[in-house]
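I opened my notebook to look up side-chain contacts.

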Amino acid sequence: MKDIIPMDKKFFKIVFSKQLTATDLEHQLIVPSDVLKKYPILRQNEFVIISFDQNEKQWEFPLATRKTGKYAKPTMPAGSWHPFVQEFGLRAGDAVVFYISKCDEAGKIQVRGMRQTISLMGTEVWNEVEKNEKQWEFPLATRKTGKYAKPTMPAGSWHPFVQEFGLRAGDAVVFYISKCDEAGKIQVRGMRQTISLMGTKVWNEVEKVDNQA
């Protein structure tokens, strides 16, 4: 199973990563066979991957195994995998990555849900998915001056979003639909420009105010 999340191998060891399909989300998650030899804890004759998310919450993923042919076929059953999917609101086209930071002396396995976004230069980049997404409803007020209607988002619905993400002048807001999302849900993000290592301006998602430095 090919690693799809770009992580610097000088600092991280990828246990495995996978871009998720609707089948992965609705049923069990297939795990590469070589993971059985390297990473899980054997507990009461059952392999378990113990991992931690970005909030330091511990997740235990028992692995069910069956052997067809030469290799065992490990999977994460729905009972342990689905709660993680639901907590982070993962959807088709997202990815999951299990990795170990080489700076972590304890060697704890980290688990992250990942989602693709588009940088200012049109490059696809992967960002961590925060806990299950909040739904926002923006009623549109319309008035017609001349040939076209002029829709606006009234302050009552728009300002709470601005305040929750601490948006300021020069930031941006983007509404988009991922072609990988079968449900076709509209996503909304606050975006802020930063300067990359090479001096290029790039847009990054704005986190909630409570998470900002």
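**Salt bridges and rings**

I started with Asp171 and Arg192, whose side chains meet in a salt bridge at 2.6 Å, N to O. This pair links distant parts of the chain. Asp171 is in the loop between helix H4 (155-165) and strand S14 (172-177). Arg192 is in strand S15 (residues 186-195), 21 residues apart from Asp171. I noted that the model is a predicted one.

Next I looked up burial for the two partners. Asp171 has 19% relative accessibility, so I logged Asp171 as buried, since the cut-off for buried is under 20%. Arg192 also counts as buried, at 15% relative accessibility.

Then I turned to strand S15 again, for Arg189. The side chain of Arg189 meets that of Glu205 in a salt bridge, 3.2 Å from N to O. Glu205 lies in strand S16 (residues 201-205) and Arg189 in strand S15, 16 residues apart. Arg189 is buried, with a relative accessible area of 13%. Glu205 counts as partly exposed, at 26% relative accessibility.

I asked how many salt bridges the structure holds. I wrote down 8. Another one of them joins Arg112 and Glu128, at 3.2 Å, N to O. Arg112 lies in strand S10 (residues 109-118) and Glu128 in strand S11 (residues 124-128), so this pair ties together parts 16 residues apart in sequence. Arg112 is buried at 8% relative accessibility, whereas Glu128 is partly exposed at 36%.

Rings came next. I recorded 14 aromatic pairs in the structure. One of them is Trp59 with Phe61, a stacked pair: 6.3 Å centre to centre, with 10° between the planes. Both Trp59 and Phe61 are buried.

Why does the pair of Trp81 and Phe84 count as stacked? The ring centres are 6.1 Å apart and the planes are at 25°, and planes under 30 degrees apart count as stacked. Trp81 and Phe84 both sit in helix H3 (residues 78-88). They are 3 residues apart, about one turn of the helix. Trp81 is buried, with a relative accessible area of 0%. Phe84 is buried too, at 0% relative accessibility.

My last entry is a charge over a ring. The charged end of Lys108 sits over the ring of Phe52, 4.7 Å from the ring centre.

Terms used
Residues numbered from 1 in each chain as written. Predicted model: local features only at pLDDT ≥ 70, side-chain atom pairs only at ≥ 80, totals over all residues. Heavy atoms only, no water. Phe/Tyr/Trp six-rings, centres within 6.5 Å; stacked < 30°, edge-to-face > 60°. Buried < 20%, exposed > 50% of the residue type's maximum accessible area, 1.4 Å probe, protein only. Helix = DSSP H or I, 4+ residues; strand = E, 2+ residues; numbered from the N terminus. Lys NZ or Arg CZ within 6 Å of the ring centre and 35° of its normal. Salt bridge = Lys/Arg side-chain N within 4 Å of Asp/Glu carboxyl O.
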